[in-house]
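Subject: Structure handover

Hi,

Have a look at it first, then read on.

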Amino acid sequence: MTRLTLVAPAIFLCLCIFLPHELHAGDSHKNEASDSTRPQFAARLLSDGKYSQAIRIFEAALADSDPEAKSWEFHCGYATCLSAAAFESTNRFGVAGPQQSISSERIDLVRQAIRELDIAEGLTSAGPIVAMLRVQRGTILETWGFPLDAYGCYRSALGAAPFDGDASAGLARMRALLGSSE
Amino acid sequence: MSAAPRLGHASRWLSHLVLVIGCVGLAALPNRSAHAKPRAPTSDPFRRATAALLWPGATRSFFVSGSGVCSNGEWQTVFEPSHDGLPAHEAHAVACSDDDLPVLHWEMDNSPLTWYFEAVAVPGPDSILFASVAVRVINHGAYAVQADLRTTLAPLSSPAAFVAWDSDSASNLMWAGADSPIAHGWRESLAPDSGDTATWRLRPGHERTRRYLLPAYACPSERLIALSKTSHRAYVSRARSYWTNALAAGMQLSIGDRHTESAYRQALVVLLGCTQRHKGALIPIGNPFQYRDIWLRDGARCIAALAMAGQTSLARALATSFLRYQWPQGPFLSQRGQLDGTGQALWAFEQAFLRPSPDSSLATVTNAAVSAWRWMELQRTSTRILLGKMGGLLPYAEPRDGELPHGRGQLTGNDAWAIAGYRATARLLEGAGRAHEAIAVRQSLSNYQAEFARHLAESKSADVPPAWDRPAIDWGNASVAYPCGALSAADPRFIRLAERLWSDSPEPGLVRYGKGDSTHTYLAADLGMSAMLTGRIDDANRVIEALIRWRTASGGSPEIFDRATRDYGSNLPPHATAAAAIVTLIRNSLIYDDEDTLRLTMAARPQWWRRGRFERAPTRWGLLDVSFSLRHQRATWKWTAVSVPTILTAPPGYRIDHLNSPVASQIGPRQIVVPPGRKWFSAELERVY
């Protein structure tokens, strides 16, 4: 699974949630001033692949107890950003490598992302949203190499929303990879 | 480098002669040499001569090459010595000091001149590391020549030997001075209009010395200038004192075998130096250069080796940093898809926290281990439900590393390490006084071992395959016996695996990795350790000898090298895991405590028996002092009494003739078991070859 498959759906989601409607029409020159909230700005940074910067915006919003920081959307977006940042790479004198050179930092980002998803799930009871959050967690675990844990997440997502397409697809993929005949 | 200690006996005579012929007046000349060449550094088996200047906890290290380059991973200092336009030759070796400490020295031949370099790393008052370098040139010829030393600060070459993880693009590189608030190096002042070159007219026997300070990071000029007020000799002394104390903190080895003792000490220097302070925690890094990161698989080996070597507090600090790798559901993972990390982390905890006695902070790591064990049990239960025939094991993994660079597979090594993790959890629980939980974990351990054996019996492989379900590269399967204990070291399948790997190797004792003559260093270590445990001492010694042989002159082992070209490419030494392998194998040859019985002199070589001794060896039964000797066919062991039986092994080439006490029993041609509480034992031996 590539980084794109991990991040792209979540980024799309964040954009849908946070960005003003006019931006969806392709206004790519909006700046921070045009974003009415910090989560909107963070979502834009996220869509531009500037994960580390976006994290700082989310952190600032949390520190300042922004009203948006109490929503599941906020924590879902923050989680997306954190897990994407763990894959950020850089080029040092022609040598490609992870932005976070110490692996514990990368793992820290992912652990924090999972915590944020936990918080987000605690802020909603809507089945489709819960399913989406569980799929996101499953995707993280699948990407990092925990197929059975991911399998559990996709199953649990289907428990919250039995017809969730992403959850069904994730479960089918895990079954195939695990070689299950279930 | 100090000339005096390196002068040979004959040279000292010559030196005295020169002094006696005082009427010549040469001794009164400045920078007068004694016509003596300092002893050449130890040779290097590799095509290129490189070395590392390390410091525990530092965030950067210096890469030194025999071509005269010293790099901090952001920029490099290039030394270009020459005489009369003729450049000096690259050094054949960059060696550590005779007492195995990281005081590097190398020589560039430029006949009739020789350029002697000495470099040492020390932290400044602000903890930023810098290298103090002294370059001495001596005219050994019979005629005067012009000696030129051009020294420049330069951006990294492309491709760079290595790039520091926190490097910024280095530009406007400046020597410390009035015109440069920020400096990238300090050098003794040059004559006006000399550019970057120091020039001397050297008469026969004359010498000159120049000093440099090279920081790991750009820093204020005045700081470097202030540091330059201290002499190079003082920095060498400071470094020497630090490292001597650091090495003295652990087990002290005295076996009358300089070759092995040096390898042990130099490997320890690498292990101590391959640590980095990060956000208040000390972490084990795989390598000071291109692998400046943590892999649980490497870090665990380093922690275990340090724990065995008696560097207890350091091993525990490093192991504590592993807690940051635990995922919410229980496993430990440092790199994507590497499921062996869980077992390795638990093994590292157990190795570090139970020797020489359970640590007071055992509860934290024990709780973490229990959580990881539960996760592994859940995984195995799930694969039983989901995978049918392949159930009861860990699921597939996609490690993107040595064992399986591409694709997914159910890897034997993951299960072997998980089994090691189960055993470690049980031991930690026992150490923490949680006996009931330990019993449950031990039951699951037995079940897992049985499952492992069943899958092995059903596999189509004649030995131990690297993966259960597909072809893969031999890797974790080499560890199934030692240290994992998933299989007995005497299991025929495991012995066949070792024979297969060794028979295919370009270098006796090591193993081939990949194509051509690509040879892996530490991958053979577990095979050697398993051979040692089953009495195949020649096999074990071949591994130790090969690991010791294929090191740089400063004691750094690469991870992989090409046996035919003797080159390690961009995978630069020293690799911490290879150093851990050397420490582990040498230590376990003398004292082994990973079972319920203490073993002494399991693979002690004949020359060690002249006056073998080691002190403060950490074991599960406390710190032990041990000595052993062979006199007139009588072997004698003396050791600190322990609460478990001790197995004593007689030297190779002998068998036990009779025991000098009825309390012991002979359990093999060379093995005796003595009951707990004994402090010494002797046996009469008979030579067999």
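A residue is called buried here if 20 or more other C-beta atoms lie within 10 Å of its own, exposed if 12 or fewer, and partly exposed in between, with C-beta atoms placed from the backbone. On that count, buried residues make up 48% of the 182 residues in chain A.

Before the rest, some housekeeping. This is a predicted model, where local features need pLDDT of at least 70, side-chain atom pairs count only at pLDDT 80 or more, and totals for chains, interfaces and linings use all residues. Residues are numbered from 1 along each chain as its sequence is written, while chains are lettered from A and ligands numbered from 1 in the order in which they are written.

Chain A

Chain A has 9 helices and 2 strands (DSSP runs numbered from the N terminus: H or I of at least four residues for helices, E of at least two for strands). Starting at the N terminus, its elements follow the order α-α-α-α-α-β-β-α-α-α-α. Two residues are in contact if their C-beta atoms, placed from the backbone, lie within 7 Å. Of the contacts in chain A between residues at least 6 apart in sequence, 56% join residues at least 24 apart.

The chain splits into domain 1 (1-123) and domain 2 (126-182), with bounds from an automatic or database domain assignment. Their contact takes 13 residues from domain 1 of chain A and 10 residues from domain 2 of chain A. On the domain 1 side, α1 (3-18), α5 (72-85) and α6 of chain A each supply at least two residues, and α6(A) gives the most, with 6 residues. By class, this side divides into 11 nonpolar, 1 polar and 1 charged (nonpolar is Ala, Val, Leu, Ile, Met, Phe, Trp, Tyr, Cys and Pro; charged is Asp, Glu, Lys and Arg; the others, Gly among them, are polar).

Where A meets B

Here 22 residues of chain A are in contact with 32 residues of chain B. On the chain A side, α6 (103-122), α8 (147-160) and α9 (165-178) each supply at least two residues, and the largest share, 6 residues, comes from α6(A). That side has 10 nonpolar, 7 polar and 5 charged residues.

Sheets in chain B

Strands pair if DSSP finds at least two bridges between them. One open sheet has 5 strands in the order β6-β7-β8-β13-β11 (chain B), with antiparallel pairing. β6 (103-110) and β11 (186-187) of chain B are at its edges with a single partner strand each, so one side of each is left without a neighbour in the sheet. Strands β7 (residues 113-123) and β8 (residues 129-139) of chain B are joined by 11 bridges; Glu118(B) has Ala134(B) as its bridge partner in β8(B). Helix α4 (residues 232-248) of chain B packs on this sheet, touching β6, β7, β8 and β13 (207-215) of chain B, and its direction makes about 55° with that of β7(B) (axes are lines fitted to C-alpha atoms, for helices over the stretch in contact, and angles run from 0 to 180 degrees between N-to-C directions).

Another open sheet of 5 strands runs β21-β22-β26-β29-β28 (chain B), and its pairing is mixed. Within it, 4 bridges join the antiparallel strands β26 (residues 646-649) and β29 (residues 671-674) of chain B, with Ile647(B) partnered by Val673(B).

Best wishes
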